[in-house]
Amino acid sequence: MLLLKNAEVYGPERLGKRDVLLGGGQVLAMEEELTLTLPGVETYDAKGRALVPGFLDQHVHSIGGGGEGGPHTRTPELLLSDVIKAGVTTLVGLLGTDGITRTMEALIAKTKALNNEGVTAFCLTSAYQYPPVTLTGSVMRDIMYIQEVIGCKLAIADHRGSHPNREELIRLVSDVRMAGLLAGKPGVLHIHTGAAPEGIEPIMEIVRTTDIPPCHFRPTHLGRHLDQAIAFTHMGGYADITTKDDTPSQVHQLLEEAVADHITMSSDSNGSMPKWDSKRERIVGMGVGRMTNLYRAVRRMVTEEGIPLETALPFITSNVARALELYPRKGAVQVGSDADLVLLDQDLSICGVFAKGRPMMWEKELLAKGTFEE
Ligand SMILES: [Zn+2]
């Protein structure tokens, strides 16, 4: 057991100063003052620190992605230390543009590895393309039979995708929904939305004209289609924003115009960030997504845009956990939640991380690394 003393707790709502007892991977007790005389309780002084829920990142290329500029542009695999440094304790791995050399077999193995290494990991089946690429030969069977798989990936409005038509989209989302119901999982169709002007209009049209619940469509990268993101939250859907340099400045419009608790944010970690020429014929530059961008955006919302911490945190904690049907086990600090916690210094930098009760970082020092990390 482990006792954190005098932390300023955000659950993610502001709760004030609390002592928090962790044991068995969970938050066991949280009181203004906890005094324990049990043997074997380690005490950590968290005075002057904010204690917030561990972050959830639902768009992670955990085995790497990319490859649009040839095999040497395939991006590297995620390491446990990348996850800890980013304050992320729950993540969803997925495939991207390359559903050929990156396989479901490798993604599922990596997801199991990250769970073994101490964080909580899920994954999605398939990649950008349609028809889907799966492990068992069917999206429904993958969701039903593979514990780690909670939904499916697809790309629309992107020159690298397969441009699925209306009937294909309806069939796929219906399969994902039905498999989710049968498996007791959220059943999400996570949709990479490219920069084509139509954006998520095909999805909104389906929601308007069928009885498919909007919550099964999970469009992402909507920072480039912000008006559609706002409109989709008013239709009952969740809209995911990839954290980029301009995200903190977009947040005012989201808070004013969107259904704010239906806005989630993710990092696109380890995905490729190709820069195309104006005709999208040639790649003129290549970058890679970093998981640290997730909290960096939230920190800048607070330090540069004047947004209260408790208003910014839900985008990467409770909203994501609710969207993935993990709340309040994840995305919350309350008695009974998993002990997935992040400690923030006075300047709001990450100085401590606990995953399922295990200290992974303390005083900015990494205490846990991946199996083959130096
Ligand atoms: Zn991506």
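In which sense do strand β1 and β5 pair, and over how many bridges? Strand β1, residues 2-10, and β5 pair in the parallel sense over 2 bridges, where two strands count as paired if DSSP finds at least two bridges between them. Within that pairing, Val9 stands opposite Leu51 in β5.

Before going on, a word on the model. This is a predicted model, in which local features need pLDDT of at least 70 and side-chain atom pairs count only at pLDDT 80 or more, while totals for chains, interfaces and linings use all residues. Residues are numbered from 1 along each chain as its sequence is written.

Let me turn to the overall picture. The secondary structure of the protein chain comes to 10 helices and 19 strands; these are DSSP runs numbered from the N terminus, with helices being H or I of at least four residues and strands being E of at least two. The radius of gyration, taken over C-alpha atoms, is 20 Å, and this agrees with a compact globule because 374 residues would give a value near 21 Å by the rule of 2.2 Å times the number of residues to the power 0.38. Along its principal axes the C-alpha trace spans about 65 × 45 × 45 Å. Of the 374 residues, 49% are buried, meaning that 20 or more other C-beta atoms, placed from the backbone, lie within 10 Å of the residue's own, whereas 12 or fewer makes a residue exposed and anything in between partly exposed.

Next, the domains. The assignment, whose bounds come from an automatic or database source, gives domain 1 (2-52 + 332-366) and domain 2 (54-323). Their centres, taken over C-alpha atoms, are separated by 29 Å, and 19 residues of domain 1 are in contact with 20 residues of domain 2, a contact being two C-beta atoms, placed from the backbone, within 7 Å. On the side of domain 1 that touches domain 2, β5 (50-53), β16 (341-344), β17 (350-355) and β18 each supply at least two residues. Two of these strands, β5 and β16, pair in the antiparallel sense over 4 bridges, with Pro53 opposite Leu341 in β16.

What about the interior? Leaving aside residues up to four places away in sequence, Val176 touches Val139, Ile143, Gly151, Cys152, Gly187, Val188, Leu189 and His216.

Strand β10, residues 188-193, and β11 pair in the parallel sense over 4 bridges, and together with helix α5, residues 201-209, they make a right-handed β-α-β unit; right-handed here means that, with the strands pointing away from the viewer, the path from the first strand over the helix to the second runs clockwise. From β11, residues 217-220, Phe217 and Pro219 point one way and Arg218 and Thr220 the other, and all are buried.

Finally, a contrasting position: Glu363, in the loop between β18 (358-362) and β19 (365-366), is exposed, because 10 other C-beta atoms lie within 10 Å.
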